[in-house]
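Subject: Structure for you to look at

Hello,

Here is the structure I said I would pass on. My notes on what turned up follow below it.

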Amino acid sequence: MNKPVNKVIGSIVLFLGLFCQSLLAAVAEYHIQLKDHLFFPSQITIPANQKVKLVINNQDNTPEEFDSFSLNRDKVIFANNKAIIFVGPLKPGEYKFFGEYNPNTARGIVIVEHQKQKAADVN
Amino acid sequence: MLINTVILFLRDALPIFVLVVYLYVHLTATNLWLLLCAGVGALLSLIYINQIHLISQLFDGNGIELSLWICQVFVYLLALVLGYGLNRNRSSNKNYLYWTAGLMVSLTLVSKGSNFVLYFDGYFSQSNAIQSMLLGTFLGLGICLSLAILLYLTAQWLKQQLGPWSTWLLVHIYVTGQLVNALPLLVQVDFLDSSATAWSSQYFVSIEFDRLFNVLFGYQAAPSIAQVIVYALALLTPLLIFYWLKLHSASHSGIK
């Protein structure tokens, strides 16, 4: 094969490899249910400086839009459907989210904390 | 809900108004062209909404984000076509510029207008929200129209003083900002890694101006490094290329 062609193929493979890196890395999942226009749990705690996957399950018969200004995320979740949103890495703090179609009831907080080191079992 | 409706207008309606005003001043086309674009865009938006369940299932549930991102990329590329059209001084063959601008308006209506339809569809199911929604609509519409008139007058003045490149620059800055604003969509679906914040200017700019500047030129109070890099490249690269093309054609005609 020609050298320029090899270079192009190599560049594409490298680009795809960098591109797919985030897809292949394991990411912690956190599940949130949306029922009767309320988030359950309304408060979740995630580790700081790590990307996490939020799986939101809309169990209502109407769509809802998961919205958060502080997380910079908004996604429509259709009735009886799930949606996946990646958040992070985030600094420690509280990040509010709400359902745009029912902002008075569908409200929640993502609390970001540094992971505490688990104490070793003495036994 | 009233506040949410107003914010929706600032976030999704105002970009449409800004783009239409800029293109209207830049191309000095007839009203018919605008109405046609708006009609086509509204129709495409309804088709998009009609198929949105199907689209949302594509690419492992990331279809909506990817389709919106692709819309923004196309709008950006079409703006470059407009700039290229200015480089070519031939007065014939200018019709493609109207088609280009029309497509830009239509695609923007699809990406921004679909949010409207989803939003109002969600709210119409609640009878007690209609009054606050209508009030929010009038407020939001009033804000958008006021700003559109101000921008129209400003753009007209700029075009008279500095020529059509000034209005194209307004379009270019606007579409670059919208392109960068769409980057979080890719982060949301993990197609792009979230990068560190480049700086934070949230204490220097009030939230009202934050929204306005975000629409006009993609201002972010705390942009990521990726957003800054994409913004700089997307803004400056075409300017350098068009400048080089202009110099090249000037020197070429000088040789003749």
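In chain A, N72(A) sits in the loop between β5 (64–68) and β6 (73–77). Please keep in mind that this is a predicted model. The phi of N72(A) is near 60 degrees, which is positive although the residue is not glycine. With a relative accessible area of 42%, N72(A) is partly exposed, because that class lies between 20% and 50%.

H37(A) also has a positive phi, about 60 degrees, and is not a glycine either. This residue belongs to the loop between β1 (28–35) and β2 of chain A. At 26% relative accessibility, H37(A) counts as partly exposed.

Chain A has cis peptide bonds as well. One runs from F40(A) to P41(A), with omega near -5 degrees; P41(A) is in the loop between β2 (38–40) and β3 (43–47). Another joins G88(A) and P89(A), with omega about 0 degrees, and P89(A) is in the loop between β7 (81–87) and β8 (93–99). For context, most residues other than glycine have a negative phi, and most peptide bonds are trans.

Now chain B. Helix α1 (residues 2–27) packs against helix α6 (residues 130–162) at an angle of about 25 degrees, and their axes are 8 Å apart. Since angles under 35 degrees count as roughly parallel, α1(B) and α6(B) are therefore roughly parallel to each other. Their crossing is right-handed.

Chain B also carries a nonpolar surface patch of about 460 Å², made by L36(B), V40(B), L43(B), L44(B) and I47(B). Of these, L36(B) lies in helix α2 (residues 31–50) and counts as exposed at 56% relative accessibility.

Regards

Note on methods:
Residues numbered from 1 in each chain as written. Chains lettered and ligands numbered in written order. Predicted model: local features only at pLDDT ≥ 70, side-chain atom pairs only at ≥ 80, totals over all residues. Heavy atoms only, no water. Patch = residues over 30% accessible without salt bridge, like charges linked within 9 Å, V, L, I, M, F, W, Y side chains within 5 Å. Areas by Shrake-Rupley, 256 points an atom, 1.4 Å probe, with all protein chains shown as cover. Salt bridge = Lys/Arg side-chain N within 4 Å of Asp/Glu carboxyl O. Helix = DSSP H or I, 4+ residues; strand = E, 2+ residues; numbered from the N terminus. Buried < 20%, exposed > 50% of the residue type's maximum accessible area, 1.4 Å probe, protein only. Axes fitted to C-alpha atoms, helices over the stretch in contact; angles between N-to-C directions. Parallel < 35°, antiparallel > 145°, perpendicular 65-115°, else oblique. Left-handed = near helix turned anticlockwise from the far one by under 90°.
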